[in-house]
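Please work through the following exercises with the sequence and the model at hand. Each task is followed by a solution in steps.

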Amino acid sequence: MAKKIAVIGGGIAGLVAAFRLKQHGFAVTLLEAAEALGGKIQTRHLAQGCLDVGPNTVLESNEAIMRLISDLGLRKKILWADDSSASRFILKDGNLVELPAKPQQMLLSPILSLSAKLRVFLDFFIPPAAPDETVAAFIERRFGREPLEYLVNPFLAGTYAARPDDLSVSATLKQLKTFEREHGSVLKGAFKQMKAAKTEPKKKFSRKMFSFSGGFYDVVQALGQALHDDVLLSAEVVRVIRHPRSWEVCYVQAGKEKSLRASVVIFAAPAPEISRLVKPLAPDVSKALAEIPYSPVAQLFFVYDKLRVPSPKGFGFLVPEAENRDILGAVFNSSIFPTRYEDTVFTVFVGGSRQPELLKLSDDDLRSLALIELNATLNLHDAPTAFAIERWTQAIPQYGLAHQKILDAVAALEMETEDLFFCGNWRGGISVPDTIAQADDTAQKIIAALDHRD
Ligand SMILES: Cc1cc2nc3c(=O)[nH]c(=O)nc-3n(C[C@H](O)[C@H](O)[C@H](O)COP(=O)(O)OP(=O)(O)OC[C@H]3O[C@@H](n4cnc5c(N)ncnc54)[C@H](O)[C@@H]3O)c2cc1C
């Protein structure tokens with residue numbers, strides 16, 4: 001049959017893979033279960049500005065994301081984060097402490113006690129340990145307890161909505177583990193890298209944060225327009241059946257079961273959904289994928305009259321678990337993108353694998369809980385003028401100690417079949433840029449495999 005590719009899932013991973021394959025000249029059909037494209041990337045309009053639901057800022061951290069933005073003609077529309085949003089805060093003993101911008105400034109910062117700062121330097125003398133361990137075990141062993149509690153714990157709550165005890169250091173903080181293995185010390189490795197960076201040619205990407213005037217959803221919309229008739233919305237894939245020379249992808253749309261044929265299938269849905277779909281085809285891979293846990297997160301958006309509540313300086317704050325509070329942190333949206341908002345806007349994050357039970361609360365109770373925390377931390381006395389909430393029951397995949405084994409099983413299935421492929425944020429990084437780079441790679445693998453079959 002002609003080279004036709006079915007893509008299951010219209011989040012950023014599926015969209016990018018489908019776009020690249022269409023660009024190459026293949027016939028593509030993308031099936032998305034929801035009414036709209038984007039998956040975790042959504043936008044909402046509240047008061048006088050648009051809210052980023054899901055990712056609020058994206059980092060210019062690899063070439064794949066900037067190439068995509070150029071190819072979609074969106075470069076001129078980029079909204080760079082305000083310089084002042086480089087300031088980030090950590091809650092310590094109930095007060096916000098600014099994180100030092102440079103590692104050497106950490107020596108003067110009140111974020112760690114003097115004894116904790118001295119303990120960090122023991123890293124130079126501690127021998128490397130097991131090939132993998134949890135982030136918590138790794139950080140405590142090399143740097144001591146305080147950096148784990150007041151730096152790494154809040155950082156992982158803000159990125160993975162995770163606890164350091166649940167994540168594999170090799171899968172999550174690979175660079176630190178590599179420094180340990182190659183240089184015998186994380187600090188030694190980091191210093192060597194900083195020195196080398198001074199003489200290396202400048203990277204093509206700036207590591208600056210950005211979005212678009214309509215939020216990152218502008219990218220989803222542009223991808224949707226580029227794919228146009230090749231997208232089926234409200235089309236939930238329920239089965240994938242092997243035939244001698246093709247795959248049959250069965251989906252339910254408007255209550256009716258339909259199907260299409262494809263020579264290649266890309267699974268770009270969350271891991272639990274892929275696990276369900278591949279169960280009859282590859283039971284071992286299905287079992288492995290089912291083992292990837294996801295943390296739940298609620299995002300609560302609060303809008304205030306700017307004249308009464310000015311936007312505070314900075315990106316936002318993170319809350320260490322040791323502070324025993326009910327929120328993971330908050331982002332100061334209107335400080336990051338001041339031109340986008342006429343009001344002051346905050347996003348508060350609740351839940352994660354730290355407190356998943358909080359997502360059982362009603363919207364009203366979550367709102368009250370988040371407001372108490374926000375008011376206490378930022379010393380606010382006014383009531384918000386608008387409010388919205390978004391719940392993600394499976395927000396972010398957690399890369400645990402079994403993660404590499406799971407990825408190996410998936411890669412082996414790709415090699416064996418040569419016509420089933422997998423991408424998504426459960427593989428190769430959870431950030432939007434990492435997910436885009438990985439979807440690009442998946443498309444390239446398919447192009448190489450299909451062109452080779454001629
Ligand atoms: C609250 C939150 C905040 C975040 N903040 C940031 C940030 O600031 N910066 C950053 O870089 N990243 C951030 N991320 C991470 C990033 O947004 C995600 O990792 C990324 O968008 C995931 O893309 P994906 O395509 O892998 O998966 P998804 O977006 O989950 O897409 C999967 C798609 O598959 C569809 N699907 C599922 N089952 C089926 C089926 N049977 N048939 C058809 N379709 C199906 C789903 O409906 C969905 O649309 C955040 C994530 C969350 C949840």
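The exercises below concern aromatic pairs and surface charge in this predicted model.

**Exercise 1.** Classify the ring pair formed by Phe124 and Phe191, and state which parts of the chain the pair ties together.

Solution. A pair of aromatic rings is described by the distance of the centres and the angle of the planes. Next, Phe124 belongs to the loop between helix H3 (114-120) and helix H4 (135-143), and Phe191 to helix H8, so the pair ties together parts that are 67 residues apart in sequence.

**Exercise 2.** Determine the geometry of the pair Phe210 and Phe216, and decide whether each residue is buried or exposed.

Solution. The ring centres of Phe210 and Phe216 are 6.4 Å apart with the planes at 55 degrees, so this pair is tilted. Buried means under 20% relative accessible area. Phe210, at 0%, is therefore buried, and Phe216, at 2%, is buried as well. Finally, ring pairs join Phe210 and Phe216 with Trp80 and Phe212 in a cluster.

**Exercise 3.** Which residues gather with Lys192 in a patch of positive charge?

Solution. Lys192 is located in helix H8 (residues 186-199). With a relative accessible area of 48%, Lys192 is partly exposed. Lys188, Lys195 and Lys198 gather with Lys192 in the positive patch on the surface.

Notes: Residues numbered from 1 in each chain as written. Predicted model: local features only at pLDDT ≥ 70, side-chain atom pairs only at ≥ 80, totals over all residues. Heavy atoms only, no water. Patch = residues over 30% accessible without salt bridge, like charges linked within 9 Å, V, L, I, M, F, W, Y side chains within 5 Å. Areas by Shrake-Rupley, 256 points an atom, 1.4 Å probe, with all protein chains shown as cover. Salt bridge = Lys/Arg side-chain N within 4 Å of Asp/Glu carboxyl O. Lys, Arg positive; Asp, Glu negative; His and termini not counted. Charge placed at Lys NZ, Arg CZ, Asp CG, Glu CD. Helix = DSSP H or I, 4+ residues; strand = E, 2+ residues; numbered from the N terminus. Buried < 20%, exposed > 50% of the residue type's maximum accessible area, 1.4 Å probe, protein only. Phe/Tyr/Trp six-rings, centres within 6.5 Å; stacked < 30°, edge-to-face > 60°.
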